[in-house]
Amino acid sequence: MADDVAIQSEGIETLHLKVLRRKWQILALQITATISLFSMYIMMTRTYGSCDIIDSTSWCPALDHTLTLSALQQFLVLQPDPLSLPIPNWMTGVGNSGDGRYWMPLFVISILVAGWTILGLQTAKLRRRVNMGILGFALLYLAGLFVITWLIGMIFSFDLYLPFGQIDSNKNHVEYLVGPLLLYIQVFVLVFYFLPVISGLLGIWGMSKSRISWAIGSTIIYLGLHALLSYEGVRSTIELNLSALPVQIGDATEWGGLVAPEIVPLLIISLLLMVFLESGFATIRYVEYAFKLPESCKKDPEYVSQFDNILNVHLQQTVGVSFFVGLVTALALKFDDLIVDLVSVFEGSQWSEQVKESLELQLTYGTVISAMIFVIFIAGLRYIIPWPRISGLIEKGIRQIRDQSV
Amino acid sequence: MAVPSLSGVGNWLRSPSGKRMVALSLFYLTLGLLFSTVAGTYITRSEVHQSAYGEDWNDMSAFRADIKNQGITTTSIVSSPLLLEEIQSPRDTVFVVSGIERDTISLPRFSADSSVIQLVEGLGYSTSEIDAISNFVERGGTIVVLDDFGYAQGLADEFGLGFSGHQLYDTQTWDPDLDFNYVWLNITNGFNYSTSSGSRTNTNPCIADEDSDGTPDFLEGIVVPTTEELGLCSHRWDSISATYNMDPGYDLLLNQPSAFDKGEAGENSDDNLYPIGFSTQDAYLDTNNDGKLTVGFSGTDAGSDEQGPFAMYVKYCRSRNCDNPDSGRAYFVTDGSLLVNSIYDTEGVESGAYGEFNKTPDINDNRRWALDLIAEALMSNDGNASISSDAQVIFDESRHQQPSFMGDTYNLLYYILIYFTNDWMAMLLMFLGLFVLFEFIIIKKLDPEPWRHVFSIIYYGYGDSRRYEYYGRANKIKQILLTRVRNVNSLTREEFDALPARDLQKMVDDPVLIKFIFEDRRYSMEEMIAVIKRIKTWGRR
Amino acid sequence: MWTRKASILGAGGVSLVLVGMMMSNFQMMVFGVAFVAFLAVNSWITGHGDIQVVRTLSADNLYKGDDLYVELEITNPSWRRTQQLEIYDNVPHEMKLRSGLNYMRVNLGPGETTRVRYVLRCPLRGHYSIGPISIRYRDSFNLFSQEMYVDHRSDLIVFPQVREIEEAMVRSRTPKMYTGATTLRTPGPGTEFFSLREYVPGDPFKIINWKAFARTGQLIVNEKCRDAVTDVFILVDSRDISRIGTVLKNPLEVGTVAAASLASYFIKRRDSVALAVYDERLSFLSPDTGDKQYFKILSSLAGVAPKGAMPLQAVTNALSSRFSRGSPVFIISALEGDGTTIPAIRDLAGRGHEVIILSPSSVDFERLVSRIPRTSYEVLKLERQNRLTALAGFGARVIDWMPDVELSQALLQVKMG
């Protein structure tokens with residue numbers, strides 16, 4: 001009997017972290033997550049990034065960093081001693097219009113995150129040194145010139161004096177702090193607006209669940225803030241100039257008459273959010289599993305092939321599920337028409353007439369409620385249509401065709 | 001088949017699972033009873049009438065058909081008038097309430113007055129709904145409230161009116177061809193808002209005639225107007241005689257009307273409430289509800305019915321004398337059946353369209369009055385009879401009995417949803433509910449633990465500190481020493497017990513141990529250790 | 001079952017729809033509907049646990065401390081993909097994973113097979129069962145999970161270790177009266193050849209000497225010498241008190257090793273060995289020899305667990321009729337907590353049995369797990385010493401077995417009675 005049980009074999013492909021980082025499925029998941037993150041952010045800026053009054057001088061809490069940076073710039077220009085922001089406009093996207101406002105900052109962020117990720121792969125000692133170096137440089141940049149000039153000034157004038165409020169403007173060394181501070185403020189503004197992207201990228205490539213959660217959290221907070229600030233009750237109280245989305249859904253003219261134009265960006269944002277979330281978390285979940293496997297299992301071809309299976313199916317399902325979620329949501333939001341048609345079956349009855357004409361069905365309420373009913377119906381379809389069996393048959397068929405062709 | 005024995009059932013009832021099942025059944029039984037009681041209060045079956053979507057003699061399908069024929073959208077509200085808040089263009093909207101037949105579920109609410117919390121809502125519309133309707137009027141909407149003995153009081157209160165809730169008998173204007181329940185309300189000029197205002201026919205585009213040439217302003221210069229040119233005033237055009245009716249008066253036929261409370265019918269025009277239609281002086285309100293006309297000495301005697309005249313049609317305008325065509329209006333008539341098919345559509349009645357109804361009402365102005373007010377609300381007053389594309393008439397079907405149980409349930413579900421997303425108190429409760437749900441999920445919903453093989457072998461352990469203490473006592477040590485002495489000398493227990501002390505001392509042959517055996521005293525730890533050491537070495541010599 | 005993530009997503013979706021309605025904000029409603037739609041679409045993809053599992057073990061019986069190789073062959077016989085399954089083979093927690101893992105995440109396509117291989121070390125004797133196989137379905141997005149199991153179990157016995165004691169037995173001062181099977185010069189069932197004789201009806205065919213038959217044409221059978229066999233009785237104390245110490249080092253554990261080793265030694269010498277284990281009751285294996293008896297003894301010893309408090313005298317009384325006359329009796333006991341020890345052994349010795357007591361020093365085992373005060377320890381030891389001395393006084397050979405002493409060493413320490 002003892003001879004029947006073989007020990008674990010070793011294959012060429014393994015599940016070591018170094019190999020996994022270069023595995024195409026993992027990379028595909030990471031790239032999918034990254035693309036969805038970028039697209040989601042761009043879609044969000046398109047939907048939530050405009051003010052009511054389009055005017056270069058007006059500021060509103062829209063999701064557009066250039067508004068804040070321009071307002072800051074204008075404030076600085078109006079100072080008696082005009083100043084300018086240290087990071088140039090071509091880099092921050094100020095002055096551009098449309099999506100052009102975001103590409104450059106996104107590119108810079110990507111470079112920085114790439115650097116950070118590569119740094120994460122180095123030894124702890126090197127990482128610590130680089131971190132210390134960056135921190136030291138930041139501190140030196142902030143206060144270095146100020147402290148040096150102040151000390152030298154005091155040495156040369158043989159006098160102890162405060163670095164501000166002096167009649168001799170050369171002795172107001174505190175002015176050296178303004179430049180660096182402006183840079184930090186500018187960076188802070190950029191980080192604030194691009195927080196979902198920054199933490200999302202760090203999460204995807206640095207394999208950190210908490211950072212992906214941060215990205216999702218900050219996105220939801222931005223959406224929630226926009227919803228709150230554009231809420232009629234708030235808008236009537238505070239003048240914010242924030243462009244609000246229309247209250248009612250219009251006629252379905254997009255996607256072959258399935259969806260109203262107001263819904264399209266929202267639907268895409270929610271889909272991209274889910275794709276980002278699922279791909280980002282999945283990468284970490286799978287790599288974590290492989291990482292925790294004992295050494296012998298990492299080399300075992302059975303584990304490797306099943307790991308591949310899992311990743312391949314996940315990728316397939318990401319595509320399939322995203323498509324179907326989009327379709328089902330679009331159909332669901334169109335379902336109110338279908339309800340009216342269904343009610344028409346009882347043509348001529350008092351109830352069907354009043355339901356057909358009911359305001360409830362015409363307002364967003366009806367649309368959403370009927371959409372929820374449709375979604376529940378779709379969920380219930382699983383008991384009627386054997387999806388797994390159908391997909392299994394298709395898979396088997398594909399395999400047979402492939403085997404025959406081989 | 002196995003029949004459970006009585007004792008078996010008894011045992012099961014006494015078992016924890018049995019007790020649990022009984023408790024659960026009782027709980028669900030109570031819950032079911034509670035629910036059915038509450039639901040039963042609201043879903044009481046009764047006759048279906050006054051619906052704009054019903055075709056019976058006591059429904060209002062003819063009125064709705066007229067509006068539709070004029071090219072205006074008709075819609076219904078099946079859940080709650082709270083939805084009026086969602087109307088984007090209230091100025092182009094008329095909200096028709098014909099009979100508020102039932103109450104519905106509502107929660108206690110916070111109020112601004114000293115009572116802080118208002119535990120009981122009035123019957124009919126809830127306070128939030130009344131606020132929504134009032135707000136609708138404020139935003140320029142028009143409402144038409146036709147009710148007699150229903151639940152319109154709450155809404156009327158909001159506008160400073162009081163429905164008496166008693167049937168009105170008019171000895172002068174009752175219709176002898178029909179019966180005493182049918183009463184005529186004759187209005188010479190429907191646009192005499194107040195004694196000082198004079199006739200304000202210009203407030204209605206159908207009869208606005210600034211130059212007083214007998215042709216309405218919007219038809220100025222047109223001899224034979226087309227249907228399009230007539231707009232919403234086509235009902236005033238007689239195509240046979242090619243004449244346009246400019247009569248500002250209305251003879252309205254009412255069925256079992258009520259009246260507004262005296263003194264509350266807003267004779268004071270300061271609050272923009274204009275009583276327009278009155279009963280005659282010989283009208284009596286059946287205040288004692290005996291179903292008979294009881295005339296008292298002064299008309300105010302206890303037990304006698306109250307004598308007229310009573311206001312029966314009151315118009316409210318947001319603007320003074322309804323001068324601003326874009327401001328909101330409210331029409332209150334104390335008869336819910338003013339626009340029912342049997343009275344509204346006399347031609348239809350004659351042609352037998354409403355089979356059940358066997359009376360033949362006289363020709364009346366109910367239709368003209370109703371369509372006039374629709375025109376006033378929806379047609380522009382700028383002389384060209386334009387109608388907004390958003391123009392719509394909404395019928396409140398939320399407080400009408402539905403012909404099917406399914407319809408009632410559908411409406412109730414919608415009502416609950418809309419109530420919980422619009423009423424502040426209900427919203428607060430729902431927020432709390434959602435919060436609790438999330439808390440519950442976060443605390444209780446745990447994912448299954450990952451499987452991991454844990455190598456653990458049970459630690460048997462053993463130890464008894466009291467036992468250790470016992471083995472440290474001098475008596476125990478003494479006993480062990482004696483056993484040792486006995487063993488070394490190969491003596492039985494009896495032999496050893498019978499041994500004289502001197503012999504024992506000889507056997508032991510160690511002064512310290514002998515002293516230890518014979519002396520009964522407390523020993524210090526050090527002494528004890530020394531004794532044990534000696535015992536250990538004792539046998540080996 | 002919905003996972004926490006799905007519950008939050010579902011509740012979040014519904015909340016967004018409701019809050020959207022409250023705020024007349026249809027973007028929230030659209031997000032909410034999309035969330036719920038995500039759940040609905042994902043609910044279509046359901047995995048299944050209808051898999052075939054075959055477990056193969058490298059051995060059904062093994063000795064304590066040996067390695068066991070396990071292989072699970074998992075096949076998806078259905079036409080559906082299993083979707084993401086976690087396969088976990090339930091291994092007794094007393095076994096240690098040496099290499100590999102008893103867990104794998106799979107996603108088996110229709111007809112696909114995979115194998116999970118791992119190696120277990122079994123540090124504790126006993127009767128074990130590996131299995132069932134737990135299966136947990138999870139969808140790709142971790143929204144739904146469902147647990148199932150395949151009730152496939154494999155039983156195995158871990159025998160106590162058997163030590164080599166021959167040398168110790170030879171060198172020990174234990175009398176060599178039971179010197180193993182000796183051939184008596186009389187025919188009978190045995191192992192050594194005695195003579196040839198003619199076949200008589202009833203003789204088994206297997207003893208026919210075919211060569212002689214070929215040569216002579218007559219049926220001749222081989223006759224063997226009858227083996228003279230000594231019956232050795234081994235009494236193992238498995239009372240509750242014998243668990244003193246750690247799980248791997250306690251009087252019972254070392255006692256089973258000693259009993260197994262003695263049995264092995266004597267059975268190898270073709271003696272008959274009987275085993276009596278007493279805990280809350282008495283289990284007795286009648287004297288016999290051969291591999292079968294050896295297996296029975298090991299199997300019985302593998303299953304002993306400390307329980308009960310049966311006095312030794314009850315055991316000896318119960319067995320008195322079964323003890324072969326003058327046969328040696330090994331008693332493996334810590335001799336704790338039993339007032340009948342001395343009379344029982346006195347009686348045994350009195351009846352002419354050679355009594356050898358192998359007594360693991362329970363006080364010293366106890367010391368491995370408890371901090372016994374020095375004075376108490378010394379007194380306890382003295383008391384134990386008294387007890388052993390008393391027993392030796394009745395003619396028993398007593399071995400005071402300390403925890404860190406090997407069995408073979410301990411056997412050399414026999415005290416003469």
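**Contacts, cores and a sheet in a predicted model**

Author: In this predicted model, Lys68(B) and Glu357(A) form a salt bridge. Their closest N and O atoms are 2.6 Å apart.

Reader: How many salt bridges does the rule find across the interface of chain B and chain A?

Author: A salt bridge needs a side-chain nitrogen of Lys or Arg within 4 Å of a carboxyl oxygen of Asp or Glu. The pair Lys68(B) and Glu357(A), with N and O at 2.6 Å, is within that cut-off. Across the interface of chain B and chain A, the number found is two.

Reader: What area do chain B and chain A bury between them?

Author: The size of an interface is often given as the accessible area lost when the parts come together. Chain B contributes 33 residues to the contact and chain A 18 residues. Carbon and sulfur atoms account for 59% of the buried area, and the total is about 2,100 Å².

Reader: Which residues in chain B lose the most area to chain A?

Author: Three residues together make up 25% of what the chain B side buries. They are Tyr53(B), Tyr410(B) and Tyr414(B).

Reader: Is Gln362(A) buried, exposed or partly exposed?

Author: Gln362(A) belongs to helix H16 of chain A, residues 359-362. Leaving out residues up to four places away in sequence, Gln362(A) touches Lys356(A), Glu357(A) and, in chain B, Thr75(B). Buried means under 20% relative accessible area and exposed means over 50%. Gln362(A) has 45%, so the class is partly exposed.

Reader: Which residues touch the most other members of the largest nonpolar core?

Author: This core has 186 residues. Helix H11 (residues 263-292) of chain A gives the most to this core, with 18 residues. The residues that touch the most other members are Phe194(A), Phe95(B), Ile143(B) and Phe332(B).

Reader: Which residues is Ile143(B) in contact with, leaving aside neighbours within four places in sequence?

Author: Ile143(B) is one of the residues touching the most other members of the largest core. The contacts of Ile143(B) are Phe95(B), Ile133(B), Phe136(B), Val137(B), Phe159(B), Arg329(B), Ala330(B), Tyr331(B) and Phe332(B).

Reader: What is the order of strands in the open sheet of chain C?

Author: Strand E6 (103-106) and strand E10 (145-150) are the edge strands, each pairing on one side only. Strand E4 (residues 85-89) and strand E9 (residues 133-138) pair in the antiparallel sense over five bridges. The order of the four strands is E6-E4-E9-E10.

Reader: Which residue in E9(C) is the bridge partner of Glu86(C)?

Author: Strand E4 of chain C, residues 85-89, pairs with strand E9 of chain C. The partner of Glu86(C) in E9(C) is Arg136(C).

Terms used:
Residues are numbered from 1 along each chain as its sequence is written. Chains are lettered from A and ligands numbered from 1 in the order in which they are written. This is a predicted model: local features need pLDDT of at least 70, side-chain atom pairs count only at pLDDT 80 or more; totals for chains, interfaces and linings use all residues. Side-chain values use heavy atoms; hydrogens and water are left out. Helices (H or I, at least four residues) and strands (E, at least two) are DSSP runs, numbered from the N terminus. Buried means under 20% relative accessible area, exposed over 50%, partly exposed in between (1.4 Å probe, protein chains only). Contact means heavy atoms within 4.5 Å. A nonpolar core is a set of buried Ala, Val, Leu, Ile, Met, Phe, Trp, Tyr and Cys residues joined through side-chain atoms within 4.5 Å. Two strands pair if DSSP finds at least two bridges between them. Buried area is the accessible area (1.4 Å probe) that two parts lose on being put together, summed over both.
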